[in-house]
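Below are my comments on the model you sent.

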Amino acid sequence: MSSPVSYSREGRIAIITVDNPPVNALALPVRAGLASAFAQLASDADAAGAVLICAGRTFIAGADITEFDKPIEEPWLPKVLAQIENSNKVVVAAIHGTALGGGLETAMSCHYRVAATTAQVGLPEVSLGLLPGATGTQRLPRLIGVQAALDAMISGRPLSAKVAHQKGLVDELVEGDLKAGAVAFAERFIASGQTPRKVRDIAVDTSSLPADFFATYRKNIARETRGFYAPEQIIQCVEAAVSLPFDEAVAVENRLFMGCMTSSHSRAQRHLFFAEREVAKIPDVPKDTALRPIKQVAVVGGGTMGGGIAMNFANVGIPVLLKEISQEALDRGMSIIRANYEGPVKKGKLSQEAMDKCMSLITPTLDYKDLASADLVIEAVFETMAIKKVVFGELDAVCKPGAILASNTSTLNVDEIAACTKRPEDVIGLHFFAPANVMSLLEIVRGGKTSHEVIATSMAMAKTIRKMGVLVRVCFGFVGNRMFFPYVREAQRMILEGVPAERIDRVAFEWGMAMGPNGVSDLSGLDVLDKVNKEWKEKPADPAYCRMIEVLVGMGRYGQKTGAGIYKYEGRNAVPDAEVAALAKAEATRLNVPQIEVSDEEIIERLLYSMINEGALILDEGIATRASDIDVVFCHGYGMPRYRGGPMKYGDEVGLATVVAAMEKYRKRYGDLYWTPAPLLAKLAAAGQKFTP
Ligand code: T1G
């Protein structure tokens, strides 16, 4: 098989080209090819310098992430980069597309870098639970300074070529023919008679670093990186860059990189990287399915959800009609949207001009007839089937043929909604998560009759509005909420058993959840949860089921929105309420629920394993396409930390046999109703297999 790295020459400049689609990842053949090409450069007496360039859409976009779970094969990347840097002939990297991770590290091992003005460069390893393990933590600080290098590596965000040039990471920006620009750069350098500069020989500038720089930096990132393993390792590598000679510091980087690569965090984050790409692949919907153009959208219902949904389209320049039943409701809806934009404007995150443009794209209306030209209509009215049926009846009457009719329902049966139209093939669920203009998850609910075109168009539309679209099938609660129900159920049961709500939440928070189940219940609204439970036809026949939610709703304690729910609220600050604990004890006595001691480990097992078991049932029923789709749902819509990889990946990490054994323990205590292992879970556990690859 031919090498993905080729060697040619233009005059006295060697052109070393990497061609390894789709992103020129540094798989073994590429590393071996680079080593061989730079050996050829060294022995080519007619070559006075070299340009390293890539074919296809981007410069090298990093190491090959699929290789990390396999034994390392020589040549190891740092070794190849040392060979490049030790060339006594000038080497110029010619960057286009996204030079990321090992790609930027390769470019930094070159003596100089030129970039297309549209290029981006970055070290996003942290998002994979890794650190730049091919001397990136040592070379980047030498080129752009300690603070900027840390910011780039801890955030993982790329720099534009322009900013990289301003910071000294890129030596020249090239408009037009990149290769010609790089060759000209090399020619000029050779003509200057200079010796090529090695980045490793640049001193790390510590002159502007206060003595407590690293301590302050750690404090400043503590909140956003809570629980993640890699960020601290990156900081230690940069501390080594500041205090040790290059080679010794590289040894520190190697050691800490191996620690990251073998961590459960990195396995989880690498799992999500591929999972977020897999979700777009729908087995029974061909990739070339025709898409319907979405040029005009309409949202029916201008409440919090409807307003947020409308913003998603305005934000990407798509005109959207906002329909309400009264002028007062419409005015309220428009003011919600305006307030949502004014916040970021006040914080300087959005320009007034951008806000005005978005607002100009949202047109209020009271008249269904105005929706006749819409390509996509999203209903976001009350979560009551009767009301939704009325709305879809109206839409069926006024919307043009081929319009996609979507419901933002979070639990109700999309097939039942579709059945009240003459066009069930055009009906789909688009379940946005609150706040709809912020949360990245979009559950796309295919009905039994939803056409492939409508599915494909909805998946593409999710990408357009920068949402993570996950296709699911119809059941009560679809995937996310259906798995959230047992999570809340167990939290509620433990409150009845005498476990303080705040302790349950603390344990879940320390496990990594953004907020514990009780805080989330108060945030979502206990009244909303109670209403869902009442709408749930197959609700478990268990008088203790979410009983405290019922009791509190009966007292008008809906959660944050009424200043009291499971907690009392002083502003947004949740305060444990002894009255709730007393009420729970009384209810437990009435329901004959024993008071028990529950360990932190049991809290996690009951919260997470009940969720994992529901996920296995969902897979058994074909509601989700694959286990990793479920993980994407929970990491994009429910505040589950990426370093856990999602509930199904977490189950794999714990071991499914361990999960089943724990379930059997709770089955003995509580019976079969909640703790019978799902067939898929039992099968995989017995076979020593996993949910995810
Ligand atoms: N390794 C393997 N496959 C990769 C890959 C990679 N680094 N990057 C992308 N792919 C696959 C991806 O799975 C998909 O496959 C296809 O390429 C297109 O990707 C030593 C340790 C470059 C911005 O983290 O950010 O270097 O689904 O759909 O939207 O210090 O891919 O088609 O079968 O995302 O145009 C560091 C990861 C690695 C960059 C392009 N690098 N990639 O986005 O296409 S660790 C990264 C991306 C490392 C060193 C360390 C994006 C992209 P399929 P795509 P895109």
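1. Which polar side-chain atom lies 2.7 Å from an oxygen atom of the ligand? In this predicted model, the atom belongs to Arg277.

2. Glu105 places a polar side-chain atom 2.6 Å from an oxygen of the ligand. Taken alone, the ligand exposes 990 Å², of which the protein buries 73%.

3. The shell around the ligand holds 25 residues, and those that come nearest are Ala63, Gly102, Glu105, Glu125 and Arg277.

4. By class, 14 residues of the shell are nonpolar, 6 are charged and 5 are polar.

5. Which elements give two or more residues to the shell? They are strand 5 (98–100), helix 3 (102–109) and helix 11 (264–278). Helix 11 supplies the largest share, with 3 residues.

6. On the overall layout, the protein chain is divided into three parts: domain 1 covers 5–261, domain 2 covers 297–472, and domain 3 is made of 480–622 and 626–686. Between the C-alpha centres of domain 1 and domain 3 there are 46 Å.

Key. Residues are numbered from 1 along each chain as its sequence is written. This is a predicted model: local features need pLDDT of at least 70, side-chain atom pairs count only at pLDDT 80 or more; totals for chains, interfaces and linings use all residues. Side-chain values use heavy atoms; hydrogens and water are left out. Domain bounds come from an automatic or database domain assignment. A residue is near a molecule or strand if one of its heavy atoms lies within 4 Å of it. A polar contact is a pair of N or O atoms within 3.5 Å; within protein, one must be able to donate a hydrogen and the other to accept it, and residues adjacent in sequence count only if both atoms are side-chain atoms. Accessible areas come from the Shrake-Rupley method with a 1.4 Å probe; for residues, only the protein chains shown count as cover. Helices (H or I, at least four residues) and strands (E, at least two) are DSSP runs, numbered from the N terminus. Ala, Val, Leu, Ile, Met, Phe, Trp, Tyr, Cys and Pro count as nonpolar, Asp, Glu, Lys and Arg as charged, and the others, Gly among them, as polar.
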